[in-house]
Amino acid sequence: MPSALITGITGQDGSYLAELLIEKGYTVHGLLRRGGTAARARIAHLITPANEGRLILHEGDLTDGGNLIRVVQDSQPDELYNLAAQSDVAVSFEVPEYTADADGLGTLRLLEAIRLLGLERRTRFYQASTSELYGKVRAVPQNELTPFHPRSPYGVAKLYGFWITVNYRESYGMHASNGILFNHESPRRGEGFVSRKITRAAAAIHLGRQRDLALGNLEAQRDWGHARDYVEGMWRMVQQPEADDYVLATGQTHRVRDFATLAFRELGVELAWEGSGVDEVGRCRATGRTLVRVDPAFFRPAEVDLLIGDATKAAEKLGWRPTTSLAAMVAEMVRADLAALSAG
Ligand code: NDP
Ligand code: GDR
């Protein structure tokens, strides 16, 4: 039975990947930070008697090198998926040094743990790289050959993680791959990210529990896919005979405003957009009520304006293709938020 260690198992992607690997018969080890049940909410459904011995949780932190060595030693993984990160781009402007430590040096610490324990030939490594590496738009669509120009402390930290992964592959012959993943969402997305913030607010407004929704830059364009599709792509990368770097994306881009339009439409509300810049509002076409407004507090010191990914390499070499349309994903997220808020 193969074994895998997932850092960030309590996150959106970690929870879907754990599900996938357990389904495939892996023994799954998960690194998680000390915390109460809330921290385990996304994997609570996997902590069952049936999974005893198949899902093993280890306490730890990407900023603690000794701890990581011990966890890798204890778990002896065939595959290590490094999904843990301070993953919020806006927050990285507030905590740049911590972000660099966890997201940049954390990656190095894991690679070093593998090497120090003599597991270079055994443990295959996956690094959660990101379309935020592209940052300032140079060319679209963005593929594995597009130059990087990150626009946030998060992007810069992940740039280090990307290159140290390539470097350990080239220096020590490790099977270490980067997945350059474009935005992917789901009902398990953190509530601070724009997709989930929108679907949750649309549901809350529909239930009369929230007056309106304040957003930042409505013009930003993102290539949004579904997390379930993307964890499948991660696993496929790690199964290849040779390690390599791959883009995963849908190839389609939409504005933040379009995402909001789709979310409210799912609840029978058609939005009409009026004004521009910080004065723009989204009103209910039927009643004229303002449901979406702009708050400059949500703008970032530097923005990534446009992301569109070209996943041709992943299609050709991994046979990977996204299976979920944006409209279907938005509908799934809105329905899940509506159900959760109605129950709570
Ligand atoms: P989440 O923010 O949902 O999950 C992040 C995970 O990392 C959580 O389990 C969190 O634990 C854990 N974590 C944070 N800091 C530390 C630390 N210092 N030590 C140990 N664990 C830590 O992210 P996603 O699931 O959305 O993303 C997974 C990875 O993929 C991240 O590295 C992200 O940067 C990257 N990525 C994500 C994309 C996306 O669109 N979702 C696109 C491209 C890359 P806790 O529960 O305790 O907070
Ligand atoms: P992103 O995701 O920065 O792309 O990083 P996020 O959903 O936070 O922002 C997407 C775009 O929406 C704009 N925006 C807002 N964003 C937030 N969070 N809140 C708002 O109110 C708001 N209004 C407008 C943002 O300015 C931005 O342009 C995500 C994370 O998962 C990273 O870890 C990952 O690497 C990248 O996706 C790919």
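**Close-up views of a predicted model**

View 1. Gly 25 follows α1 and has a positive phi, near 95 degrees.

View 2. Gln 12, Asp 13, Gly 14, Ser 15, Tyr 16, Leu 17, Ala 18 and Leu 21 are the buried residues of α1. An α-helix has 3.6 residues a turn, so residues three or four places apart point the same way.

**View 3. The shell around ligand 1.** Ligand 1 is surrounded by 25 residues, of which Gly 8, Gly 11, Ala 84, Ala 85 and Ala 128 are the closest. The element that gives the most is α1, with three residues. By class, the shell around ligand 1 consists of 14 polar, eight nonpolar and three charged residues.

View 4. The chain is divided into domain 1, which comprises 3–186 + 225–252 + 306–323, and domain 2, which comprises 194–219 + 255–305 + 331–343. A distance of 30 Å separates the C-alpha centres of domain 1 and domain 2. Where the domains touch, 10 residues of domain 1 are in contact with nine residues of domain 2. On the side of domain 1 that touches domain 2, five residues are nonpolar, two are polar and three are charged.

**View 5. The shell around ligand 2.** Ligand 2 lies between domain 1 and domain 2, because both domains give residues to the shell around this ligand. The shell has 22 residues, and those that come nearest to ligand 2 are Ser 87, Thr 130, Val 194, Gly 216 and Ala 220. Helices α3 (89–94) and α6 (194–206) each supply at least two residues of the shell. The largest share, three residues, comes from α6. Nine residues of the shell around ligand 2 are nonpolar, eight are polar and five are charged.

Methods
Residues are numbered from 1 along each chain as its sequence is written. Chains are lettered from A and ligands numbered from 1 in the order in which they are written. This is a predicted model: local features need pLDDT of at least 70, side-chain atom pairs count only at pLDDT 80 or more; totals for chains, interfaces and linings use all residues. A residue is near a molecule or strand if its C-beta atom, placed from the backbone, lies within 6 Å of it. Helices (H or I, at least four residues) and strands (E, at least two) are DSSP runs, numbered from the N terminus. Ala, Val, Leu, Ile, Met, Phe, Trp, Tyr, Cys and Pro count as nonpolar, Asp, Glu, Lys and Arg as charged, and the others, Gly among them, as polar. Domain bounds come from an automatic or database domain assignment. A residue is buried if 20 or more other C-beta atoms lie within 10 Å of its own, exposed if 12 or fewer, and partly exposed in between; C-beta atoms are placed from the backbone. Two residues are in contact if their C-beta atoms, placed from the backbone, lie within 7 Å.
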